[in-house]
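Let's take a walk through this model together, one stop at a time. Have the sequence and the 3D view ready.

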Amino acid sequence: MKKVLIANRGEIARRIIVTLNKMNIATVAVYSEADQSSLFVKEADEAILIGPPPVAQSYLNMEAIIAACKETGADAIHPGYGLLSENARFASRCAEEGILFIGPSEEVIAQMGDKMIARNVMQLAGVPIVPGTEGEITTLDDAVEQANRIGYPVMLKASAGGGGIGMQVCHSDEDVLAAFQTAKGRAKAYFGNDSMFIEKYVESPHHIEVQLLADQHGTVIHLLERDCSIQRRHQKVIEESPSPFLDDTTRHHICMAAVSAAKAVGYTGAGTVEFIMDKERNFYFLEMNTRLQVEHGVTEELIDVDLVEWQIRIAQGEKLRFVQQDIAPKRHVIELRIYAEDPITFFPSPGTITVYEKPVGEGIRVDDAIHVGSSVSPYYDPMIAKLIVSRDSREEACGLALQSLNAYQIEGIKTNIPALKEVLSHPEFRQGVYDTHFISSIRQSQRG
Amino acid sequence: MKQVRATMAGTILRLLVDTGNEIESGADVIVLESMKMEVPMATESAGKVTSVKVQIGDFVNEGDVLVELE
């Protein structure tokens, strides 16, 4: 690989450029009109304007990106995360044009991108999945029978549902009797389809994911877990590793389940298997992300590895140079996502940065894409920076995180920094006791 | 005349009211899309919609007038 085009923007484009520079590979950025003065455009060796600000006309425009690749003579594309990174069609277009797509095969991307197929593949591979009904439930008797088979509490869901509409938690037969017809009626009204299914309801859920690396020679290793349970609006806000919730036995089991999942699909490259874990530490497959994760930096700091470098080496056909026994946590790592948003309502806050001072020091890493004068565009994701702190113990890492947040100065837009400080200072978080409802529950208790 | 203004920059995703509609205070009038999130814009006062100033797909800045009421 001599020249790589980065089909992404913002902090992740900058992050990928750093590794490509280190590996003496030339870099090509593609950018929209909204990103003309962005840092990643300046930092790349070459930059090609691919369209107007909306992503559909720029960062999701496959043909414009492929044309930029040909124009600059880039031999490979790194898709980053989001955007085209999990688009099987894009991977196949790259292959048709003789461009190396840095990621797994289009078949794997397509399989893991389909929830039902992914669920079936994992079940066959012996990876636990959330217990649920196979087909749709049509009658009340059927619903009660299935709910008992699965075991309470269960979640009654509309097959066509989304956004929580038509979902109902049931703790007993009486609940099912009371909820079934109403939920069915609501599903009919909202989605024009009243087909229902029942799934085990996971109480006090934790989001635990496992980082994997798989080469093209059949070797798959895991790089331990990340606990991503601190979320708002089902989006991750804080990630850490090692997870304070896992014991060594569970850690071993969940990591090996992720390895089995990757082997079952013939995975190659860097990937992540996401699991939901209940309070008894039973875990179930959620999905597999066939790309670099936003929070990959947690794992990089945890075990001193460059995941982007390994994505490139694997894509070039190299063998992994470490074995499973080499992988052990060297420290405790916490990542805090800085979002341009109101710290109370979490509504977006685009605008122009007027003051920007980031924390510096030992154990502090900031992956960002902003500077004084840069505008945070309403067209793209609100994440503007990731603060990653590392220390020997979790308690020290929490302390460093709080100290770094206090030192972080961003003006001109609102950020979630006050909300992050609130979490970091909370006694339950400090004890490592939290689930995915943490932020909403502390907000609820404040409202009294 | 009362106005509903955009509380943030973004693209108009949906119009929830039309000229002539009687609306109550607190009602959502427009849905903006900003930073990949749908954000409803609500009116602070009740009234009759006299004019909808934007169309779907328009880009608005914070403070731009979306809807006028009487």
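In chain A, strand 6 and strand 8 (residues 196-200) run antiparallel and are joined by 5 bridges. Strands here, and helices too, are DSSP runs numbered from the N terminus: a strand is E with at least two residues, a helix is H or I with at least four. Two strands are said to pair if DSSP finds at least two bridges between them. Within this pairing, Lys157(A) has Phe197(A) of strand 8 as its bridge partner. Strand 6 of chain A also pairs with strand 7 (residues 168-170) of chain A, again in the antiparallel sense, over 3 bridges. There, Met155(A) has Val169(A) as its bridge partner.

A word on what you are looking at: this is a predicted model, in which local features need pLDDT of at least 70 and side-chain atom pairs count only at pLDDT 80 or more, while totals for chains, interfaces and linings use all residues. Residues are numbered from 1 along each chain as its sequence is written, chains are lettered from A and ligands numbered from 1 in the order in which they are written, and side-chain values use heavy atoms, with hydrogens and water left out.

Is strand 6 of chain A buried or exposed? Strand 6, residues 154-158, is mostly covered, with 5 of its 5 residues buried. Buried means under 20% relative accessible area, exposed means over 50%, and partly exposed is in between (1.4 Å probe, protein chains only). The cover is found on both faces: Val154(A), Leu156(A) and Ala158(A) are buried on one side, and Met155(A) and Lys157(A) on the other.

Pro153(A) sits in the loop between helix 7 (140-150) and strand 6 of chain A, and a cis peptide bond with omega of about 0° joins Tyr152(A) to Pro153(A). Another cis peptide bond, with omega of about -5°, joins Ser241(A) and Pro242(A). Pro242(A) belongs to the loop between strand 11 and helix 9 (248-265) of chain A. Why point these out? Most residues other than glycine have a negative phi, and most peptide bonds are trans.

Phi also deserves a look at Leu224(A), which has a positive value of about 65° although it is not a glycine. You will find Leu224(A) in strand 10 (residues 220-232) of chain A. Leu224(A) counts as buried because its relative accessibility is 8%.

Next, visit Lys236(A), in strand 11 (residues 235-241) of chain A. Why does Lys236(A) count as buried? Its relative accessibility is 10%, so Lys236(A) counts as buried. The side chain of Lys236(A) makes polar contacts with the side chains of Glu274(A), at 2.9 Å, and Glu295(A), at 2.8 Å. A polar contact is a pair of N or O atoms within 3.5 Å; within protein, one must be able to donate a hydrogen and the other to accept it, and residues adjacent in sequence count only if both atoms are side-chain atoms. Leaving aside residues up to four places away in sequence, Lys236(A) touches several residues, including His207(A), Cys228(A), Arg337(A) and Tyr339(A). Contact here means heavy atoms within 4.5 Å.

Now turn to chain B. Its strands include 4 that form an open sheet in the order 1-8-6-3, with antiparallel pairing. Strand 1 (2-5) and strand 3 (22-23) are the edge strands, each pairing on one side only. Strand 3 of chain B pairs with strand 6 (residues 47-52) of chain B over 2 bridges, and Ile23(B) has Gly47(B) as its bridge partner.

Finally, how do the two chains meet? The contact takes 10 residues from chain B and 14 residues from chain A. Between them the chains bury about 980 Å², 75% of it on carbon and sulfur atoms; buried area is the accessible area (1.4 Å probe) that two parts lose on being put together, summed over both. In chain B, Met35(B), Lys36(B) and Met37(B) lose the most area to chain A, together 61% of what that side buries. Lys36(B) and Asp381(A) meet through their side chains in a salt bridge (3.1 Å, N to O), defined as a side-chain nitrogen of Lys or Arg within 4 Å of a carboxyl oxygen of Asp or Glu.
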